[in-house]
Amino acid sequence: MHPPLVDPFARPITYLRVSVTDRCDFRCVYCMSEHMQFLPKVELLTLEELDRLCSAFVGLGVRKLRITGGEPLVRRGIMQFFRGMSRHLGAGLDELTLTTNGSQLGRFAGELVDCGVRRVNVSLDTLDAGKFARITRWGRLPQVLDGIRAAQDAGLRVKINAVALKGVNDDELFDLVGWCGDQGHDLTFIEVMPMGDLGNEDRLDQYWSLSDLRARLAERFTLTELAERTGGPARYVRLDETGQKIGFITPLTHNFCESCNRVRLTCTGELFMCLGQEDRADLRGPLRAGPDDHALRQTIRAAIARKPKGHDFDYSRQQVTGQMSRHMSHTGG
C-alpha cells in the first residue's frame, strides 16, 4: 500500500474525475462550439491505459471515481472500462459513478448497475423541448427523459444538474424544482463557468448568480441548511415544505476551494489539479514509458504537490476574469 495523496494545504485527494472522451452527441452552448474540432483519436488514451491510470490513483487513496466526457457513454467499448473499474469497488474504491447527458442511458443503464454504479448525475437545464434543442443544439428532450426513466427502472438514483442561465431557464426555476420533486430526483444548480471560447456564447450575459436563484426559492419555500457533503463542491439545503434536497455549486459567488479533494484527468492523460487553473501534468508520458508504475506514481505525487489553494474565476466588475481557454468538454464536466 502506498502513502495517500495529500496536497500542500493538507487536503487529502480522494476524488478523481476522469474524462474518457472529448466527444459528445450534443453541442451545448456553454460547453462547446457547434463545429467542434475534436482531438484525433490517436491522441486519446486507450481504455486499457485509462484503466491502468485510474487503478494507480485508487492505489494512492482515491476512493471516488466519476467518469465524464464529453459524453462518456458515446465512447466505443466504454462498458469494458466500467467492468474493469468495478473490480476496485470494496477494495479501495467506495464509489464508481458518472455524469451524463442522459441520451444513452436507455442503452446502458442495466449494464451500469451490473458494474456497481448506484447513482448518476444527468445534465438537464430545461423541461421545454424547444429550449432544450436550442441549448444542446443537437439534443432531443424525449430521448433524455426516456433515458432517465430507464435509469430509474434499473435502480439507479438520478441527480439532475441544471446550469443556471439568465434569460434561458430562469423562468423555469419552480418547474424544475417541482418536476424533480415529483420524480424523486435530487437537484443541483450550477453557475455557468468561464470555460472555452467566449465568442461562442457570452458567459457574462448568461450568468445567473445562484445567490439570486436561492433568494427566489426562499420566497416560496423554507430553506434549511444541510451540513451534508458528498465529496464535491455542492452545498445543500432542504426545502421544508417538500423535503427535497437542493444543491448549489457556486464557483463565482462563493469560492468552494477550501475543502477541495479532487483532481481531473483528461482523455489524453493530462492531470489538472484545479478546474480554474491552467497548470497540468502529463501522465501519458510516464504511462507509456514502460509497464512499471513507479514513475507514474512519482509524477502524480509531484503534480499533487503543485495543487493550488483555489481558482481565480470572477465575474465581478462586469467583466470575465480567470477565464480558461480550454473547453469544458476537454477537461471533463
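Student: Which backbone oxygen lies 2.6 Å from a polar atom of the side chain of Lys307?

Tutor: A polar contact is a pair of N or O atoms within 3.5 Å; within protein, one must be able to donate a hydrogen and the other to accept it, and residues adjacent in sequence count only if both atoms are side-chain atoms. Here the backbone oxygen of Met273 lies 2.6 Å from a polar atom of the Lys307 side chain. Please note that this is a predicted model, in which local features need pLDDT of at least 70 and side-chain atom pairs count only at pLDDT 80 or more, while totals for chains, interfaces and linings use all residues. Residues are numbered from 1 along each chain as its sequence is written, and side-chain values use heavy atoms, with hydrogens and water left out.

Student: Where does Lys307 lie in the chain?

Tutor: Helices (H or I, at least four residues) and strands (E, at least two) are DSSP runs, numbered from the N terminus. Lys307 belongs to the loop between helix H10 (294-304) and helix H11 (328-331). The chain comes to 11 helices and 12 strands.

Student: Is Lys307 buried or exposed?

Tutor: Buried means under 20% relative accessible area, exposed over 50%, and partly exposed in between (1.4 Å probe, protein chains only). Lys307 is buried, and buried residues make up 56% of the 333 residues in the chain.

Student: Which side chain of opposite charge is nearest to Lys307?

Tutor: Lys and Arg count as positive and Asp and Glu as negative, while His and the chain ends are not counted. A salt bridge requires a side-chain nitrogen of Lys or Arg within 4 Å of a carboxyl oxygen of Asp or Glu. For Lys307 the nearest such side chain is Asp7, 5.2 Å away, and Lys307 has no salt bridge.

Student: How many aromatic pairs does the structure hold?

Tutor: Rings of Phe, Tyr and Trp (its six-membered ring) pair if their centres lie within 6.5 Å; planes under 30 degrees apart count as stacked, over 60 as edge-to-face and the rest as tilted. The structure holds 3 such pairs. One of them, Phe81 with Phe82, is edge-to-face, at 6.2 Å centre to centre and 70 degrees between the planes. Phe81 is buried, with a relative accessible area of 1%, and Phe82 is buried at 0%. Phe174 and Phe221 form a tilted pair, with 6.3 Å between centres and 45 degrees between planes.
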